[in-house]
Amino acid sequence: MTALPIIAVWLGALSLNIWLARFDTRLTRLLVAMVFGVTVLILWEMTVRIYAVPSVILPPPSSIGASFAANTGILWGDFVQTILKGALSGWLMGALAAIATAIAIDRSPFLQRGLLPIGNFVAALPIVGIAPILVMWFGFDWQSKAAVVVVMVFFPILVNMVAGLASTDALQRDQMATWSAGYWQSLLKMRLPAAMPFLFNGLKITTTLALIGAIVAEFFGSPTRGMGFRISTAVGQLDLPLVWAEILVAAIAGSLFYGIVVLTEKRVTFWHPSQRR
């Protein structure tokens, strides 16, 4: 009988979403997502309360929200240390290095035969293996986390960028040749624009990899701040609401990060068929 309220809430939310989905507008699609998210939180809270689940196993959303509100200063400091300093800087450096390397590979068949296999090898290295090494090389502050992020994001962006530079067909290249365009003119005016959809695919994939890499790297050495450091210490203190608050910050930051990249893609590749409605 204790499951009846849970089932009732679920069926009510399901009926509401089915009714909203009939209209298929931007507003109703947003409302469907909001109803689903709120329902999950309500069911989570009800399940934990009804079945008396210990907070060390799964704290209720209300406890997580209270911990979030009580530790905003700590969470903000961890956000700056891990996301802005470690993940974002590493992502930017890795992306720029991958783009430059892709252009060099496109320019030189020798590099294509030599660098791509090495990049594939580096991409296969486990993060738990390279993170301690990079922490020892670059120290315990954010620089070592940025180095881990660079290693994680470099190869996915490189592969997509190389594929994008090779995406133009022979007719397009011949057309540029008839206009007496050199390599760099063809690159800037034809091949780089054509590679943008491929590049943004790599950038979107690596937004989450950057966050994961920075957080995991902090488990192997960090100053007394950072999301990975806080999660590790909070678990040792059985402060699970704070752990989930850090996870919430990471989820929000990752969603915003991905959304910014998507909005930028829409601006840059507005001409591409995938952006047309």
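View 1. L238 is exposed, with a relative accessible area of 56%; here buried means under 20% relative accessible area, exposed over 50%, and partly exposed in between, using a 1.4 Å probe and protein chains only. This is a predicted model, in which local features need pLDDT of at least 70 and side-chain atom pairs count only at pLDDT 80 or more, while totals for chains, interfaces and linings use all residues. Residues are numbered from 1 along each chain as its sequence is written, and side-chain values use heavy atoms, with hydrogens and water left out. L238 sits in the loop between α10 and α11; helices (H or I, at least four residues) and strands (E, at least two) are DSSP runs, numbered from the N terminus. Its phi is near 60 degrees, a positive value in a residue other than glycine. Most residues other than glycine have a negative phi.

**View 2. A52, in the loop between α2 (26–50) and α3.** Look here for another positive phi in a residue other than glycine: that of A52 is near 50 degrees. Is A52 buried or exposed? A52 is exposed, at a relative accessible area of 59%.

**View 3. The packing of helix α3 (residues 61–70) against α11.** Two packed helices are described by the angle between their axes and the distance between the axes. For α3 and α11, the angle is about 75 degrees and the axes are 8 Å apart. The axes are lines fitted to C-alpha atoms, for helices over the stretch in contact, and angles run from 0 to 180 degrees between N-to-C directions. So α3 is roughly perpendicular to α11 (under 35 degrees counts as roughly parallel, over 145 as roughly antiparallel, 65 to 115 as roughly perpendicular and the rest as oblique). From α3, the contact (heavy atoms within 4.5 Å) uses S63, I64, S67 and F68. From α11 come P241, L242, W244, A245, L248 and V249. Eight of the contact residues are nonpolar, two are polar and none is charged; Ala, Val, Leu, Ile, Met, Phe, Trp, Tyr, Cys and Pro count as nonpolar, Asp, Glu, Lys and Arg as charged, and the others, Gly among them, as polar.

**View 4. The largest nonpolar core, with 41 residues.** Such a core is a set of buried Ala, Val, Leu, Ile, Met, Phe, Trp, Tyr and Cys residues joined through side-chain atoms within 4.5 Å. Which residues have the most contacts inside it? They are W91, I157, L158, M161, L165 and L203. Two or more core residues come from each of α4 (72–107), α7 (142–165), α9 (183–217), α10 (227–236) and α11 (240–268). Helix α9 gives the largest share, eleven residues. Zoom in on L165: apart from its neighbours within four places in sequence, L165 is in contact with A102, I103, D106, L187, R191, L192 and A195.

**View 5. N17, a buried residue of helix α1 (residues 4–21).** The relative accessibility of N17 is 14%. Its side chain reaches the backbone oxygen of V32 at 3.5 Å. Not counting residues up to four places away in sequence, N17 touches L31, V32, V35 and F36.

**View 6. T28, in helix α2.** T28 is buried, with a relative accessible area of 9%. The side chain of T28 reaches the backbone nitrogen of T25 at 2.8 Å. Leaving out residues up to four places away in sequence, T28 touches L20 and F23.

Methods
A polar contact is a pair of N or O atoms within 3.5 Å; within protein, one must be able to donate a hydrogen and the other to accept it, and residues adjacent in sequence count only if both atoms are side-chain atoms.
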